[in-house]
Amino acid sequence: MSAIQQQVEQASARYSSSFTQGHLALPPAKKYLVLTCMDARIDPVRAFGIGLGDAHVIRNAGASARDALRSIIISEQLLGTQEIVLVKHTGCGMLTFKNDDAFGLVEKNLGDDAAAELKSKNFDFLPFPELDRAVEDDVRYIKGSKLIPDSVTVSGWVYEVETGKTRRVV
């Protein structure tokens, strides 16, 4: 067992020994979801005041609405969320490369077959060059989708990894 697996097992034992929240309902109690980046410097529960059972938290590289659409639809249609809080962040890795860079790394590290697979799937790593514009674009994408009702409230934010502050963009 790896050191990480041991850490997970030990943390689970500690957590479950005093766990009392097994009664919480499946749908999020406050009927919202947070879409944020997978960056390890973001603690969405503490940074955004999310209590256990309050909200869905969807995380992916860059807090991409396109990448998260499947989960957003499930959250909204099947589990009743009525608001989406999209939070990108300063210092995001998605600001540091273009698709061609990522394709090149895949080809270099994993070989021609992996690169061909990316191309055959029309893969897009969804990088973005400007943070606030990316927030605006993703909010516009969500609001413009026929898969998300107009009644769903959508806002866009930037979390500052340097300060822990969050500011509204849209």
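A: A pocket here is an open set of grid points with protein on both sides within 12 Å along at least five of seven lines, and its lining residues are those with an atom within 4 Å of a point. The model is predicted.

The largest pocket is lined by 16 residues. Nearest its centre lie Leu126, Pro127, Phe128, Ala134 and Asp138. Two elements give two or more residues each to this lining, namely α3 (65-78) and α6 (131-144). Of these, α6 supplies the largest share, with four residues. Sorted by class, the lining has seven nonpolar and seven charged residues, along with two polar ones. The space in the pocket comes to about 220 Å³.

Next come the aromatic rings. A pair of rings is described by the distance of the centres and the angle of the planes. There are four aromatic pairs in the structure. One of them joins phenylalanine 48 and tyrosine 159, with ring centres 6.0 Å apart and planes at 90 degrees. Planes over 60 degrees apart count as edge-to-face, so this pair is edge-to-face. Where do the two residues lie in the chain? Phenylalanine 48 is in the loop between α2 (44-47) and β2 (55-60), whereas tyrosine 159 belongs to strand β4 (residues 153-159). The pair therefore ties together parts that are 111 residues apart in sequence. Both phenylalanine 48 and tyrosine 159 are buried.

Another aromatic pair is made by phenylalanine 123 and phenylalanine 125, and this one is also edge-to-face, at 4.9 Å centre to centre and 65 degrees between the planes. Together with Phe103, Phe123 and Phe125 form one aromatic cluster.

The cysteines are the last topic. Cysteine 37 is buried, with a relative accessible area of 5%, and cysteine 92 is buried at 4%. A disulfide needs two cysteine sulfur atoms within 2.5 Å. By this rule the structure has zero disulfides.

Terms used. Residues numbered from 1 in each chain as written. Predicted model: local features only at pLDDT ≥ 70, side-chain atom pairs only at ≥ 80, totals over all residues. Heavy atoms only, no water. 1 Å grid on protein atoms, 1.4 Å probe; cavity = no way out; pocket = protein on both sides within 12 Å on 5 of 7 lines; lining within 4 Å. Points joined across faces, edges and corners; volume = space filled by probe spheres on them. Nonpolar A, V, L, I, M, F, W, Y, C, P; charged D, E, K, R; others polar. Phe/Tyr/Trp six-rings, centres within 6.5 Å; stacked < 30°, edge-to-face > 60°. Buried < 20%, exposed > 50% of the residue type's maximum accessible area, 1.4 Å probe, protein only.
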